[in-house]
Amino acid sequence: MAEQKKIMRALAGETLDTPPIWMMRQAGRYLPEYKATRAQAGDFLSLCYNPELATEVTLQPLRRFDFDAAILFADILLLPQALGADLWFVTGEGPRLSTVTSAADFAKLKGPSDVHEHLSPIYQTVRNLAGELPKQTTLIGFAGAPWTVATYMIAGQGTPDQAPAHKLRVEQPDVFDALIDLLTDATIEYLSAQIDAGAEVVKLFDSWAGSLSGDAFKKYALAPTAKIITALKARHPDTPIIAFPREAGDNYIGFAKATGADCVALDNSVSADWAAAKVQVDGCVQGNLASRHMVTGGKDLVDETRAIVKAFSKGPHIFNLGHGITPDANPDNVQLMIDTVRETTTG
Ligand SMILES: Cc1c2[nH]c(c1CCC(=O)O)Cc1[nH]c(c(CCC(=O)O)c1C)Cc1[nH]c(c(CCC(=O)O)c1C)Cc1[nH]c(c(C)c1CCC(=O)O)C2
């Protein structure tokens, strides 16, 4: 058997001497070459839907840095667009969507298996990448988790507290539940097609999971994730799945077991020592260096990177940031992080 890629070994539960590394938003505005390709595409969405240029920006960080994975260049909001929502990005502000706040709005959306034609350029990008990536590099596909995607569809934009989504959840539970169910089924379709196109791992981003608690967390973060993972495992039993219930806090405990995820990605609000004891006991974890170190660098970056590698050294671990790298980051700090991880022996 050919030697397995490091990420696949960690996801299978192996403890490695040095953890594999990749970085959320590794293709992005901190790289001048990304900005140049985005300008060539015209705007962010045109870049996402252009397989040739989306392939190019996915590969750009790998030319600079020896990462163990590439993540498909796309966005979690392409799925709502495929379901019929209007989507546009306001420069300097972020995404805007047509809103879903009533049964009538919901009725206008398409069905789960109607998404493929709209998303076919994304599948083409995955096919391109599967053919072009170096053989030691793992290709990660992704989607937003239903709750997080719903927060954008309901509010029509990002919100600090997800209040419009909570309001719909409480005041019109039938509409809210129908939207979560539709997103759950459409996400199964979308990720399954990414796997068919060549994604070796898929990741579910639940960026706003931390605003759910108690039964609401179980019903809208945990249960949809479990349903998606169960359906994907039935169709693609050998494809590992990473779940990222960001800022879940104590709800990280038991999340992998309850959902069937092969790996739980950790934000940087939890300490690595706590997560090693409470979360890594169930399997692979990913994370959890604060993104600000990619801006500030120096001794602080080195110390914190070493501490994270050490804390997770007794079990399977994929080194990553706790959230995406920001546009003001310095690429030299990314190299310093990689060098530090690989110089820190975990034995
Ligand atoms: C919530 C969310 C979105 N998108 C995503 C999430 C979940 C992860 C998270 O919490 O960050 C996920 C995402 N977005 C993007 C990727 C590509 C893969 C990667 O490099 O990680 C991934 C995995 C590209 C992107 N998605 C976006 C950019 C910046 C767009 C640009 O070039 O102007 C990139 C590279 C835009 C985007 N897309 C979204 C927002 C809120 C914004 C605006 C904020 C910002 O500008 O950073 C929605």
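User: Where is G28 found?

Analyst: This is a predicted model. In it, G28 sits in the loop between α1 (6-11) and α2 (32-41).

User: Which residues does the UniProt annotation "binding site" cover?

Analyst: The UniProt record, an unreviewed entry, gives R25, Q26, A27, G28, R29, D75, Y152, S207 and H323. They are spread over 299 residues of sequence, and in space by up to 22.8 Å between C-alpha atoms. The annotation may be inferred rather than shown by experiment.

User: Which residues from this set does the lining of the largest pocket take in?

Analyst: R25, Q26, A27, G28, R29, D75, Y152, S207 and H323. Lining residues have an atom within 4 Å of a grid point of the pocket, so these residues count as lining.

User: What volume does the largest pocket have, and which residues are closest to its centre?

Analyst: Its volume is about 1,400 Å³. Of the 43 lining residues, R25, R29, F44, D75 and F89 are the closest to the centre. The elements that give two or more residues to the lining are α2, α3 (44-48), β2 (87-90), β3 (94-97) and α8 (146-155). By class, the lining has 23 nonpolar, twelve polar and eight charged residues.

User: Why is the other kind of space called a cavity and not a pocket?

Analyst: In a cavity a 1.4 Å probe fits but cannot get out, whereas a pocket is an open set. Two cavities of 30 Å³ or more are counted here. The second largest cavity holds about 40 Å³ of space, so it passes the 30 Å³ cut-off.

User: Which residues line the second largest cavity?

Analyst: Y252, G254, F255, A256, V264, V279, D282, G283, C284 and V285. The elements that give two or more residues to this lining are α12 (255-259) and β8 (284-289). Seven of the lining residues are nonpolar, two polar and one charged.

User: How are α7 and α10 placed, and what makes them a contact?

Analyst: The axes of α7 (residues 116-132) and α10 (residues 173-197) come within 8 Å and cross at roughly 35°. The crossing is right-handed. Contact means heavy atoms within 4.5 Å. H116, L119, I122, Y123, V126, R127 and A130 in α7 meet E189, Y190, A193, Q194 and A197 in α10. By class, this contact has eight nonpolar, two polar and two charged residues.

Key. Residues are numbered from 1 along each chain as its sequence is written. This is a predicted model: local features need pLDDT of at least 70, side-chain atom pairs count only at pLDDT 80 or more; totals for chains, interfaces and linings use all residues. Side-chain values use heavy atoms; hydrogens and water are left out. On a 1 Å grid over the protein atoms alone, a cavity is a set of points where a 1.4 Å probe fits but cannot get out, and a pocket is an open set with protein on both sides within 12 Å along at least five of seven lines; lining residues have an atom within 4 Å of a point. Grid points are joined across faces, edges and corners, and a volume is the space filled by probe spheres set on the points. Helices (H or I, at least four residues) and strands (E, at least two) are DSSP runs, numbered from the N terminus. Ala, Val, Leu, Ile, Met, Phe, Trp, Tyr, Cys and Pro count as nonpolar, Asp, Glu, Lys and Arg as charged, and the others, Gly among them, as polar. Axes are lines fitted to C-alpha atoms, for helices over the stretch in contact, and angles run from 0 to 180 degrees between N-to-C directions. A crossing is left-handed if the near helix is turned anticlockwise from the far one by less than a right angle, and right-handed if clockwise.
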